[in-house]
Amino acid sequence: MDEFEIRRDRMVTEQIQRRGITKTAVLEAMRAVPRHFFVPRELRENAYSDNPLPIGSGQTISQPYIVAYMTSLLDLKGNEKVLEVGTGSGYQAAILSLLAGQVHTTELIPDLAARSAETLRDLGYDNVIVHQSDGSLGWEPCAPYDAILVTASAPKVPAPLLEQLTPEGRLVLPVGSRGMQWLELWQQKNGGWQPEVMLPVAFVPLRGAHGWSNWED
Ligand code: SAM
């Protein structure tokens with residue numbers, strides 16, 4: 001094992017398993033994806049620490065535990081078509097790519113979309129397609145999705161995302177105020193979409209048509 005693999009293994013044991021994530025496939029994916037290639041070069045030494053990190057353009061790569069927790073909630077079996085909103089560094093998309101059949105991921109900021117697409121391609125995550133677009137509208141051309149994961153916080157659940165899910169689909173997203181949100185899991189129950197409130201979190205804002213309008217505040 002190289003030094004980064006050792007740190008990654010420790011990250012999974014101490015930050016993720018110890019906090020109660022038990023799904024073997026999720027733990028294996030978190031052990032497999034080299035997170036240090038998704039952070040800026042000068043932050044590689046911190047890639048496996050227990051916190052989010054800046055990735056440029058005022059955005060962040062999420063804390064490893066939150067990535068694992070959100071991924072776990074999707075309950076993927078291996079063949080699903082998944083949409084991620086908020087590609088950022090591409091790290092979460094890489095994790096999803098090991099657990100699903102195909103991953104579409106949308107990023108609003110052109111520079112981040114281009115960089116993450118390059119990183120994912122260089123590392124061989126060939127079942128991930130990066131779209132530079134407003135993901136608060138979902139990604140209509142490839143809908144419906146078995147699962148949708150939003151990694152930026154919304155004022156309320158964007159209607160297009162529910163419309164682009166299969167009837168058995170799952171949507172995981174942070175919803176709340178600008179400073180603090182709750183992670184919600186949406187599924188159809190008794191013929192309608194219902195949220196289950198899971199965990200308090202703090203994400204950067206979702207922008208675009210169904211996001212925060214005054215996001216530069
Ligand atoms: N999943 C990312 C990763 O693994 O690095 C972290 C995402 S970061 C917490 C949130 C991302 O959502 C930012 O890159 C931001 O530019 C993006 N974002 C915000 N609003 C968006 C929108 N309407 N459509 C697509 N991406 C958006």
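The lining of the largest pocket splits into six nonpolar, four polar and five charged residues, where Ala, Val, Leu, Ile, Met, Phe, Trp, Tyr, Cys and Pro count as nonpolar, Asp, Glu, Lys and Arg as charged, and the others, Gly among them, as polar. Keep in mind that this is a predicted model: local features need pLDDT of at least 70, side-chain atom pairs count only at pLDDT 80 or more, and totals for chains, interfaces and linings use all residues. Residues are numbered from 1 along each chain as its sequence is written, and side-chain values use heavy atoms, with hydrogens and water left out.

Back to that pocket. Its lining has 15 residues, with Phe37, Phe38, Val39, Arg115 and Thr119 nearest the centre.

| Pocket | Volume | Lining by class |
|---|---|---|
| Largest pocket | about 270 Å³ | six nonpolar, four polar, five charged |
| Second largest pocket | about 200 Å³ | seven nonpolar, three polar, no charged |

A pocket here is an open set of points on a 1 Å grid over the protein atoms alone, with protein on both sides within 12 Å along at least five of seven lines; a cavity is a set of points where a 1.4 Å probe fits but cannot get out, and lining residues have an atom within 4 Å of a point. Grid points are joined across faces, edges and corners, and a volume is the space filled by probe spheres set on the points.

Now for the ligand: it sits in the largest cavity, meaning more than half of its atoms lie within 2 Å of the cavity's grid points. The elements giving two or more residues to the shell around the ligand are β2 (59-61), α4 (91-97) and β4 (102-107), and β2 has the largest share, with three. Helices (H or I, at least four residues) and strands (E, at least two) are DSSP runs, numbered from the N terminus.

Of the 27 residues around the ligand, Glu84, Ser89, Glu107, Gly135 and Arg207 come nearest, a residue being near if one of its heavy atoms lies within 4 Å. By class, the shell has nine nonpolar, 14 polar and four charged residues.

As for polar contacts (pairs of N or O atoms within 3.5 Å), a polar side-chain atom of Glu107 is 2.6 Å from a ligand oxygen atom. A backbone N or O atom of Arg207 lies 2.7 Å from a ligand nitrogen atom, and a polar backbone atom of Leu108 is 3.2 Å from a nitrogen atom of the ligand. The protein covers 99% of the 600 Å² of accessible area that the ligand has on its own, by the Shrake-Rupley method with a 1.4 Å probe.

Definitions and conventions:
A polar contact is a pair of N or O atoms within 3.5 Å; within protein, one must be able to donate a hydrogen and the other to accept it, and residues adjacent in sequence count only if both atoms are side-chain atoms.
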